[in-house]
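Dear colleague,

Here is the structure I promised to pass on to you. Could you look through it alongside the notes that follow?

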Amino acid sequence: MNKAIIEVINLKKYFEVGDMVVQALKGVNLKIMKGEFVAIMGASGSGKSTMLNILGCLDKPTAGEYKLDGISVADLSRNQLAELRNEKLGFVFQSYNLLTRTSALENVELPLFYNDRIKSKERKERAIAALESVGLADRMHHMPNQLSGGQQQRVAIARSLVNDPVVILADEATGNLDTKTSYEIMELFQRLNSDKGKTIVFVTHEADIARLTSRNIIFRDGWVIKEQIVEDRLIASEMLKSLPVGEHEV
Amino acid sequence: MNYFNLLRIAKNALMRNKFRAFLTMLGIIIGVASVIAMLGIGQGSKKSIQDQVASMGSNMVFIMPGSQQRGGVMMGNSSSQSLKLADLDAIKQQCVNVSAVSPEVRTSGQVVFGNENWPTSIYGSNTEYLDIKKFGIESGRMFTDREITSLAKVCLIGKTIIEKILPKGMDPIGQTIRFKNIPMKVIGVLKEKGENSFGQDQDDLLIAPYTTVQRRFLAIDYIQGIFTSAISESKADAAIEEIQAVMRKQHKISKPEDDDFRVMSQSELIKTFTSVSDILTTLLGAIAGISLLVGGIGIMNIMYVSVTERTREIGLRMSIGGKGRDILMQFLIESTLLSVVGGVVGILFGYLISAVVGSMMGWPVVIMTQSVVVSFFVCSAIGIFFGWYPAKKASNLNPIDALRYE
Ligand SMILES: Nc1ncnc2c1ncn2[C@@H]1O[C@H](COP(=O)(O)OP(=O)(O)OP(=O)(O)O)[C@@H](O)[C@H]1O
Ligand SMILES: [Mg+2]
């Protein structure tokens, strides 16, 4: 448990908008260990998404160093980055980003299509297994528009799992969901973290969601201002039970 | 990335948006089909004119009275009486490239049998006329030289007139019909020739000895045209020159611009008429070009409209590990599939339209290889380019920028 999966040193990200330069990240240092479940918190505009996109190799930092699983990302070509995303990372978006008119199963299979080593039989088996682990095996032939928001997000989580990544990155994965569904998704993440030992980095600005993780990193204005271990960690499955009956139906 | 996977991805992406795929293909189909059909129709009409004119006798050379210009002054009607029987004899004797010669005089009027009547034309000629103009006799016989000398009131009859004025089933041979009130005995029936490409019914005529038409119907002693056969199609030009020389000697004309006659060959006639249909073809070609443009713009539109959606899709594909070249290949395969399928369907449609129009108009179906090749390649090129280009741009973005594209 003492191996660093993510190591970020003095990382900066500037956006140029017209003549203005927006300093989204001003020099962030981070270290996330294998098996951790980390919540990144902070006010809107503090740079959480920017940080996560860089961690997910979806965007490049302006300056600084980022090591993922011991690999220095700055040295990699576009194709190597694509391979890295394909094999080591799973990304869950706030808006699900599923392919429309494409079955849940095919959506989950998608990352494996871009991995030549995986044959079609294995691809399908792994996709089904991933859907089972998010509790949607019975919905695998449904299209996204035939699924609820929570179910769509589960499909997206299954997709992020299917390549057996070293880190799952989630940007406000519960942001579009109601309380009960949010807890259900968090329960899933907690299970992936504790049972399968997945490292998870989770962006949220909801304090009660953050209390379900093991460590919180708080951003402000492009800086990390505080890091804290969650002392009284909550369990999502218990939270679900304690929800007032009927709230979901309202 | 293996190609089987890419093909599956491309196929799935197309199936996911069948309507878009259909619209893109429609642009290509319209573009290709219209070019092929338009040019096919133009060429078909040209070919049919050529065939028709050739069926009137491709080695035919004929002389018409021509407007006579003296010092720029039109000499008016006198020129229309410029052809004489003496000219005919001179041509017959002096032109080695000419094998048959016949005068032609004609007039129109009502033909009557019993209570039926029908407006038609009578053509006066000698015995060689049928061969020169490629008429055949179905039953009965041609008139004889004796009948020509005696101004006999005999005629050959076309199928249309039989249909219009004779009772069904009656044998026309031996019947007496009246043309312009003069009784004419039918001695032969002409073989059916059908309409020519100008819609003129070639079976709506009577043929009689030229003397009969000259004296009994018109009371003239000149002739209205001289029809000849060159000894072969390739000698038609030589025949024209010979005839011109003979005619100038006959008419005592020293300069060609003083000619009071015109000598034309069937092949020249073909050129005259096909030049008309060449204009038609050019016009249709222009329309086809516009359709191609419209089809092309349609393709661009569809491709462009779907860029936003597809850029996000590209962002997603990149974020889960798709490489730039995988994505480009996918889009290239997609747009190539659409273009090729659309192109092939377009070719079939173009052929079908040409065939339908051709069969309605009685034209042969002419499909020009160039129109197929050009339209296919132009449409495919547009389709493939506009499928590929946005993908190229999108796959150069950072995945996150492609995902957020709007
Ligand atoms: N593509 C971009 N171009 C220009 N500026 C950007 C871009 N992306 C982010 N920013 C700016 O960077 C800063 C950090 O944005 P970021 O999206 O990381 O915030 P956040 O912490 O995720 O906020 P929220 O909680 O609202 O999602 C903001 O000021 C934002 O305007
Ligand atoms: Mg954000």
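Helices (H or I, at least four residues) and strands (E, at least two) are DSSP runs, numbered from the N terminus, and two strands pair if DSSP finds at least two bridges between them. In those terms, E4(B) and E5(B) form a hairpin with two residues between them, and B:Gly114 in the turn has a positive phi of about 60°. Nine bridges join E4(B) to strand E5 (residues 116-125) of chain B, the two running antiparallel, with B:Pro119 as the bridge partner of B:Gln110. E4 (residues 98-113) of chain B also runs antiparallel to strand E11 (residues 225-230) of chain B, joined to it by six bridges.

This is a predicted model, in which local features need pLDDT of at least 70 and side-chain atom pairs count only at pLDDT 80 or more, while totals for chains, interfaces and linings use all residues. Residues are numbered from 1 along each chain as its sequence is written, chains are lettered from A and ligands numbered from 1 in the order in which they are written, and side-chain values use heavy atoms, with hydrogens and water left out.

Turning to the ligand, 15 residues surround ligand 1, a residue being counted if one of its heavy atoms lies within 4 Å of it. Because these residues come from chains A and B, the site is shared between chains. An N or O atom in the side chain of A:Ser44 is 2.4 Å from an oxygen atom of ligand 1, and a polar side-chain atom of A:Thr50 lies 2.5 Å from an oxygen atom of ligand 1.

Best wishes

Note on methods: A polar contact is a pair of N or O atoms within 3.5 Å; within protein, one must be able to donate a hydrogen and the other to accept it, and residues adjacent in sequence count only if both atoms are side-chain atoms.
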